[in-house]
Amino acid sequence: MSNENGKLQLDGKEFDMPVMSGTIGPDVVDIRKFYGQSGAFTFDPGFTSTASCESQLTYIDGGEGVLLHRGYSIEELSKDSSFMEVSYLLLNGELPNTDQLNDFSYTISRHTMLHEQLATFYRGFRRDAHPMAIMCGVVGALSAFYHDSTDIADPEHRRISSHRLIAKMPTIAAMAYKYSTGQPFLYPDNDLSYTGNFLRMTFGVPAEKYEVNPVIERAMDRIFILHADHEQNASTSTVRLAGSSGANPFACIAAGIACLWGPAHGGANEAALNMLREIGTPDQIPHYIERAKDKNDPFRLMGFGHRVYKNYDPRATVMQETVREVLSELKLKDPIFEVALQLEEMALNDDYFKEKKLFPNVDFYSGIIYSAIGFPTEMFTVLFALARTVGWVAQWNEMISDPGQKIGRPRQLYTGPEARPFVPIANR
Ligand code: SDX
């Protein structure tokens, strides 16, 4: 997959810049030999123009609003498949047949329980601890309990730890919510679907039988599909960089959770609903749109804009449809949804947003759904992390099984002081 063209002139010298082409999408200029030949680094803070790896998992065309997982569109996957099917697809490269799906779902369901001592970890946190802090701590601690699957050179260990992480995230997430409410933890019920099990562990109580609402189960399963993977976003790049040093998979996923927590990334769903609630009523929208455009005001429209999508995030389209479905099923009229719809309408017709190609992203509507179902805002990014775990794990596996994989170690443009003699404190 390599073209020979590409030249770069520097200090009067000419350097060959081999160009590589993928299956679809932009070509890449292979700069791996450039520093050795030229003595100069390339410079790309925030990696806005840098391909960090080769991958076969997910393709995004930001200009066209296209998202493919192993070639299948997010629109078709979210409409016609399940989160377990998409998880199998991301891990194995092909959609499963019925037997493969049943085997995979059975395997995942047999890893849903946590080591009983992990439950005591929760009691070390304050009841009002942010559940993302709990997720970082508990997931990072998994390697202390499951070190029988941390030899990353062993494909079987990688397979087991991948399944453990995918299976245990709903249990860990539900326990984080239960702990904040003072209600007892519920053990998984493996007669339920992956998503139904999560809903029951979250909203069920030991005193009553919990009936999974199939419409809510389907909506949550679809939302998990929308969040499963997204190319080399910040948290996935964090997982890859952590994994490149040979760190165990549980530590790598804990690093990904920590990065996802940021409001510019996965934390935006919590921030977006808080923003919509702060706006409160449609008549306040123009004021907030002006604030978002004001360079001197740090306020941004949370859930808007994207590093890659310069068109409508296809996930946001499905998310908006799911809001209508959930509100109708629960017979709820959420005035905040009306604010969100009018905010989107006004922003998309505003020259500032049109010129900067700022559209709603996956986080703009998700909080309305989560809130309607009963999740507190602090749990929103936890739900994102739960679903993104399969993407992180699939990307981690792809990297570790690449024979050419090496530790990630970027360089820098140094603008600090030149070498200078130490000054004893008496002379400062
Ligand atoms: C996710 O990478 C992924 O794939 C992430 C994700 C995934 O699935 O993993 O899709 C999930 O993280 C979605 C994004 C969630 N974040 C938010 O909704 C937070 C609000 N959005 C922004 O912070 C911002 O849009 C980012 C962080 C998402 C993208 O930032 P970039 O690509 O670095 O762009 P930028 O910040 O340089 O903005 C470009 C311009 C700037 O204006 P100028 O300096 O050029 O004048 O657009 C402006 C920004 O000020 N801008 C916004 C804006 N987002 C960008 N102005 C108002 N409101 C906004 N939301």
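Modeller: Let's begin with the residues that line the second largest pocket: nine of them are nonpolar, nine are polar and five are charged. Please keep in mind that this is a predicted model. In total, 23 residues form the lining of this pocket, and the space inside comes to about 310 Å³. To find the centre of the second largest pocket on your screen, look for Met84, Leu192, Ser193, Tyr194 and Thr195, which are the lining residues nearest to it.

Which helices supply at least two residues each to the lining of the second largest pocket? They are helix H3 (83-92), helix H4 (98-109), helix H7 (155-181), helix H8 (194-203) and helix H9 (214-226). As for how such a space is found at all, a probe the size of a water molecule is rolled over the atoms, and this shows where empty space is left.

Two of these helices deserve a visit. H3 is mostly covered, with eight of its 10 residues buried. Those buried residues are Phe83, Met84, Glu85, Val86, Ser87, Tyr88, Leu89 and Leu90. Just after H3 comes Gly93, whose phi is positive, at about 95°.

Helix H4 holds Asp99. Is Asp99 buried or exposed? Asp99 has a relative accessible area of 55%, and because the cut-off for exposed is over 50%, Asp99 counts as exposed.

Now for the ligand. It is surrounded by 24 residues, and His230, His306, Arg307, Arg315 and Arg388 are the closest. By class, this shell has 10 nonpolar, seven polar and seven charged residues. For Arg388, an N or O atom of the side chain is 2.7 Å from a ligand oxygen. For Lys356, an N or O atom of the side chain is 3.0 Å from an oxygen of the ligand. A polar side-chain atom of Arg300 also lies 3.0 Å from a ligand oxygen. On its own, the ligand has 1100 Å² of accessible area, and the protein covers 78% of that.

Next, let's look at some loops. Asp297 is in the loop between helix H13 (285-293) and helix H14 (314-329). With a relative accessible area of 16%, Asp297 is buried, since buried means under 20%. The side chain of Asp297 makes a polar contact of 2.6 Å with the side chain of Arg291.

In the loop between helix H1 (34-38) and strand E6 (58-61) you will find Phe47. Phe47 is not a glycine, yet its phi is positive, at about 50°. The relative accessibility of Phe47 is 55%, so Phe47 counts as exposed. Lys357 is another residue other than glycine with a positive phi, near 55°. Lys357 sits in the loop between helix H16 (351-355) and helix H17 (363-373), and its relative accessible area of 40% makes Lys357 partly exposed.

Finally, follow the chain from H14 towards H15. Lys333 is in the loop between H14 and H15, and at 81% relative accessibility Lys333 counts as exposed. Lys333 and Ala372 are 39 residues apart in sequence, while their C-alpha atoms are 9.4 Å apart in space. Pro335 belongs to helix H15 and counts as exposed at 55% relative accessibility. The C-alpha atoms of Pro335 and Gly280 are separated by 8.3 Å, although these residues are 55 apart along the chain. Gln342 is also found in helix H15, which covers residues 335-348. The relative accessible area of Gln342 is 29%, so Gln342 is partly exposed. Between the C-alpha atoms of Gln342 and Thr322 there are 17 Å, and these two residues are 20 apart along the chain.

Definitions and conventions:
Residues are numbered from 1 along each chain as its sequence is written. This is a predicted model: local features need pLDDT of at least 70, side-chain atom pairs count only at pLDDT 80 or more; totals for chains, interfaces and linings use all residues. Side-chain values use heavy atoms; hydrogens and water are left out. On a 1 Å grid over the protein atoms alone, a cavity is a set of points where a 1.4 Å probe fits but cannot get out, and a pocket is an open set with protein on both sides within 12 Å along at least five of seven lines; lining residues have an atom within 4 Å of a point. Grid points are joined across faces, edges and corners, and a volume is the space filled by probe spheres set on the points. Helices (H or I, at least four residues) and strands (E, at least two) are DSSP runs, numbered from the N terminus. Ala, Val, Leu, Ile, Met, Phe, Trp, Tyr, Cys and Pro count as nonpolar, Asp, Glu, Lys and Arg as charged, and the others, Gly among them, as polar. A residue is near a molecule or strand if one of its heavy atoms lies within 4 Å of it. A polar contact is a pair of N or O atoms within 3.5 Å; within protein, one must be able to donate a hydrogen and the other to accept it, and residues adjacent in sequence count only if both atoms are side-chain atoms. Accessible areas come from the Shrake-Rupley method with a 1.4 Å probe; for residues, only the protein chains shown count as cover. Buried means under 20% relative accessible area, exposed over 50%, partly exposed in between (1.4 Å probe, protein chains only).
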